[in-house]
Amino acid sequence: MVQGLQGTTRRILLVDDEPSLQKMLTHALEREGFQVEAVGDGEAALEAFNSYEPHLIILDIMLPKLDGTEVCRRIRAQSDVPILMLTAKDDEIDRVVGLELGADDYVTKPFAVRELVARVRAIMRRAQVPAGQRPDELNYDGLKINLPSRRVSVDGREVDLTYTEFELLVTLASNPGKVFSRSALLRRVWGDEFRDERTVDVHIRHLREKIERDPRNPEFIHTARGVGYVFR
């Protein structure tokens, strides 16, 4: 079993209404050492989320009873658990909507099982950075980032970040003055660079809306034109 820092088995909630895909993914993930709970509709997903307390959710967009976007919205309103969305092939709207609602990553159907497993392992690795490899707290002109508790505040006001937003902020804030290209951020935060670079732009926009006093004139996260982003 894949275990966390305290020996906890990593639990995955798989939400998809295709029995064959459910079975295939469950087998592949359990073979990798994860514990998997699979459900087939949106309402069951919300119930399982509360009872199963997963470390990661794999969530299909098209679901009966309650679609994946609504499930994502409701979960994100109360938790920053990583959410990996499954979207229709070439359906850009689904991907954008998922990211707007706070999904951390997405995989388009049809996909190679090994690709999905690789995405899952990348997310889990980011969640298990050993203590001591990063400072406990970062402070910049009213912006406070507490790494052990994953809490962020601006001028004493606490702000809620998703899992990936927090990781993106820490990556930038831990390297002030260093310009990161979009592909570099994809490698550092998402675990690979083979996806739409607009994924980074969407998360940066959300971050600015949450931590900048004036998102249109950012103080912390600046755009390096033609390259990417830099924290100053």
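The model is predicted, so I used local features only at pLDDT of at least 70 and side-chain atom pairs only at pLDDT 80 or more, while totals for chains, interfaces and linings use all residues. Residues are numbered from 1 along each chain as its sequence is written, and side-chain values use heavy atoms, without hydrogens and water.

Sheet. I looked up the strand order and found an open sheet of five strands, E2-E1-E3-E4-E5, with parallel pairing. Strands are DSSP runs of E, at least two residues, and helices runs of H or I, at least four, numbered from the N terminus; two strands pair if DSSP finds at least two bridges between them. Strand E2 (35-39) and strand E5 (105-108) are the edges, each with a single partner, so one side of each lacks a neighbour in the sheet. Neighbouring strands are turned by 20° against each other on average, direction ignored. E4 (residues 83-87) is joined to E5 by four bridges, and I noted Met85 opposite Tyr106 in E5.

Pocket. I then turned to the second largest pocket and noted its lining of 21 residues, with Asp80, Val159, Asp160, Leu161 and Thr162 nearest its centre. On a 1 Å grid over the protein atoms alone, a pocket is an open set of points where a 1.4 Å probe fits, with protein on both sides within 12 Å along at least five of seven lines; lining residues have an atom within 4 Å of a point. Strand E8 (151-154), strand E9 (157-159), helix H6 (163-173) and helix H8 (198-211) each supply at least two lining residues.

Terms used:
Axes are lines fitted to C-alpha atoms, for helices over the stretch in contact, and angles run from 0 to 180 degrees between N-to-C directions.
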